[in-house]
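Biologist: Could you walk me through the aromatic side chains in this one? Let's have the structure up before we start.

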Amino acid sequence: MTAPSSNARESWDDYFMKLTRLVASRSTCLRRRIGALLVREHRLLATGYNGAPSGLPHCLDVGCLRQQRKVPSGERSELCRAVHAEQNTLLQCARFGLSTEGATLYCTHFPCAHCAKSLLSAKVCRIVYEEEYRDELAQELLDQAQGKITVESWKSSRGFTEIST
C-alpha cells in the first residue's frame, strides 16, 4: 500500500471544519469566537457566527454585557446580546426555506444546551466539533438522543492548517 501523496484532497470533515474557523473570524463576541456550518450531502446550507442580532449594536462596539455584569462563563446565557453560531445557521435556513433535516453541523465548539435543543428539534443528524465547551445538560440531552444524532470530536486527518484572515 502506498502512502497518500501530499496532493491528496482534504476529507470533507477537514474541509468543512477549516471553514468553521474562517466563519468564526466574523464573530463580534469579545469572549469567544465561534463559527458553525450546516451541511447536507456535502453542500453548504448556511454559515453562522456568534454576534448581535442583525441591525443591533455589536459587543465590539458597545462592550460585553456579561463582562459588565461579571457573569461567569457558562452561566446565565440569557444575559448576552449574541445569537449563538449554531442558532444563526438554523435561522438562516429558516429565513431562506432550507430544510435542516438530516444535516450535519460543523462547529468550532461543542454546543451549549440551548443550541443542542435547537439542533435536535431541527432534526440535525450529526454534530462535528473541535473544541470542548463543557455543558452537562447539553451532553445529557445529546446522549438521550443517541441513535437520532451522532456527536463527534474532530481531529484533522492531515493536521490543521490555520487559515489566515
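Modeller: Ground rule before anything else: buried means under 20% relative accessible area, exposed over 50%, and partly exposed in between (1.4 Å probe, protein chains only). This is a predicted model, so local features need pLDDT of at least 70, side-chain atom pairs count only at pLDDT 80 or more, and totals for chains, interfaces and linings use all residues. Residues are numbered from 1 along each chain as its sequence is written, and side-chain values use heavy atoms, with hydrogens and water left out.

Biologist: Are F16 and Y106 buried or exposed?

Modeller: The cut-off for buried is under 20% relative accessible area. F16 and Y106 both come out as buried.

Biologist: How many aromatic pairs does the structure hold?

Modeller: Rings of Phe, Tyr and Trp (its six-membered ring) pair if their centres lie within 6.5 Å; planes under 30 degrees apart are stacked, over 60 edge-to-face, the rest tilted. By that rule, the number of aromatic pairs is five.

Biologist: What kind of pair do F110 and Y129 form?

Modeller: Their centres are 5.1 Å apart, with 80° between the planes. Since edge-to-face needs planes over 60 degrees apart, F110 and Y129 are edge-to-face.

Biologist: Which residue lies over the face of F110?

Modeller: A charge sits over a ring if NZ of Lys or CZ of Arg is within 6 Å of the ring centre and within 35 degrees of the ring normal. At 5.1 Å from the ring centre of F110, the residue is R134.

Biologist: Which residues join F16 in one aromatic cluster?

Modeller: F16 forms a tilted pair with Y106, at 5.2 Å centre to centre and 35° between the planes. The cluster holds F16 along with W12, Y15 and Y106.
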